[in-house]
Amino acid sequence: MIAPTFTIALLLAGVQANPGTAPAPVAIDQATPAPTLPVAPPAVLPPVAPTQAQTPKSAPAPDAEQNDIIVTARPRVAPGDPLGNVNAQSFEATQAVDRAFIGPVSLGYKHAVPAPVRSGVRNFLNNLREPTVFVNYLLQLKPGKAAETLGRFTINSTIGAAGLVDMAKRRPFNLPRRPNGFADTLGYYGVGPGPFLFLPLVGPTTVRDLIGGGLDRLILPTAVGTPFNKLAYTIPTGVLSALDHRAEFDEDLNRMRDETANPYASLREYYLKKRRDEIDGLRGRHPAAVTPVTVPVVAPAPPVATPVPVPGESAPSIAPAPPVVSEVR
């Protein structure tokens, strides 16, 4: 404020020096505004990439094994065959041994031993099983069948040369052989077959048949004793029975191997159906006979001579020949 004060003092001095003159108007300086500083432009911040919203930390999740539901699919298992994978592997291993050893030996036995001798050995072994058949018919409350079995055993053991010849099935006796055992008795009274098994040296069986077959083999050793409880009897008879059965089953086995996509499944179904039919037969439920189905087959019509039209004449119209239908039963 120094400059305005000095100016006012000079004016007063001039007035005093020239009192007669009117003072000229003097512009009074306005207060000089303070110099303004340049304002810096607003700083522009670079764009910041959006970040994920921070979520408050929650409590640690419990163990996933306790809360997560894990669904796993089990392999498809055939009914009655929960051990299918193990059985199939056993079947493959047994078939490999059969092709390499058992099959050739059984066929050698079939070709080397005459048919009458093989039939005599088979009849002899079957006759030794008749006491077991007799006991099981009694357990099934079938006294008539038990009496027939006892008659078969008596006839074949005497005039049949210790069972080498099956005289009982011939006239005038007409007593055919009817297999029976403890497995059949269990099935007759409602015991289910249980899981299917394919065991080396045993072949196809079920839990029920395995237990029943073991009981069958205990009849003679327990009731009679020597020689049926000696290895000198059990080993040769077991080997002969297995070779004879394998030789008789050779054609069916080869057909099953060659004509089926899954020989193991075919053998399992065949065995289970066979055993089911045998149990149903004991109960009087014989499987219904399959009735032939008539299927119409349209045979091609025989060729018909087409007359050649004569020039100037219209061709005669020929009715189409009806299709020939034949029936195949």
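**Exercise 1. Arginine 246**

Find the helix that holds arginine 246 in this predicted model, and decide whether arginine 246 is buried or exposed.

*Solution.* Start with the secondary structure: arginine 246 sits in helix H10. Next, look at the accessibility, where the relative accessible area is 9%. The cut-off for buried is under 20%, so arginine 246 is buried. Finally, list what surrounds the residue. Setting aside residues up to four places away in sequence, arginine 246 touches Asp98, Ile102, Gly103, Ser106, Leu253 and Arg257.

**Exercise 2. Helix H3 against helix H10**

Work out how the axes of H3 and H10 are oriented to each other, and which residues meet.

*Solution.* Take the geometry to begin with: the axes of H3 (residues 84-112) and H10 come within 8 Å and cross at roughly 90°. Angles of 65 to 115 degrees count as roughly perpendicular, and H3 and H10 are therefore roughly perpendicular to each other. Now turn to the residues. H3 brings Asp98, Ile102, Gly103, Val105, Ser106, Tyr109 and Lys110, while H10 brings Leu240, Leu243, Asp244, Arg246 and Ala247. Sorted by class, this contact has 6 nonpolar, 2 polar and 4 charged residues. Arg246 from the previous exercise is among the H10 residues here.

**Exercise 3. Helix H4 against helix H10**

Describe the crossing of H4 and H10: what is its angle, and is it left-handed or right-handed?

*Solution.* The axes of H4 (residues 115-128) and H10 (residues 231-248) come within 11 Å, with a crossing angle of roughly 120°. The crossing is left-handed. On the H4 side, the residues are Arg118, Val121, Arg122, Leu125 and Leu128; they meet Tyr233, Thr237, Leu240, Ser241, Asp244 and Glu248 in H10. By class, the residues of this contact divide into 5 nonpolar, 2 polar and 4 charged.

**Exercise 4. The buried side of helix H8**

Which residues of H8 are buried, and what covers them?

*Solution.* In H8 (residues 207-216), the buried residues are Arg208, Asp209, Gly212 and Gly213. Because they cover an arc of only 125° around the axis, they lie on the same side of H8. What covers them includes helix H7 (182-188), strand E2 (203-206) and helix H12 (263-282).

**Exercise 5. Phenylalanine 196**

Locate phenylalanine 196 and list its contacts away from its sequence neighbours.

*Solution.* Phenylalanine 196 belongs to strand E1 (residues 196-199). With 1% relative accessibility, phenylalanine 196 counts as buried. Beyond its neighbours within four places in sequence, phenylalanine 196 is in contact with Gly80, Asp81, Asn87, Pro204, Thr205, Thr206, Tyr264, Arg268, Tyr271 and Leu272. For a look along the chain, take proline 82: it is 114 residues from phenylalanine 196, and their C-alpha atoms are separated by 7.7 Å.

**Exercise 6. Threonine 149**

Is threonine 149 buried or exposed, and what does it touch?

*Solution.* Threonine 149 is placed in helix H6 (residues 143-158). Its relative accessible area is 4%, so threonine 149 is buried. Not counting residues up to four places away in sequence, threonine 149 touches Glu130, Val133, Phe134 and Tyr137.

**Exercise 7. The whole chain**

How many helices and strands does the chain have, and what percentage of its residues count as buried?

*Solution.* There are 12 helices and 4 strands. Of the 329 residues, 22% count as buried.

How values were computed: Residues numbered from 1 in each chain as written. Predicted model: local features only at pLDDT ≥ 70, side-chain atom pairs only at ≥ 80, totals over all residues. Heavy atoms only, no water. Helix = DSSP H or I, 4+ residues; strand = E, 2+ residues; numbered from the N terminus. Buried < 20%, exposed > 50% of the residue type's maximum accessible area, 1.4 Å probe, protein only. Contact = heavy atoms within 4.5 Å. Arc of directions from axis to C-beta. Axes fitted to C-alpha atoms, helices over the stretch in contact; angles between N-to-C directions. Left-handed = near helix turned anticlockwise from the far one by under 90°. Nonpolar A, V, L, I, M, F, W, Y, C, P; charged D, E, K, R; others polar. Parallel < 35°, antiparallel > 145°, perpendicular 65-115°, else oblique.
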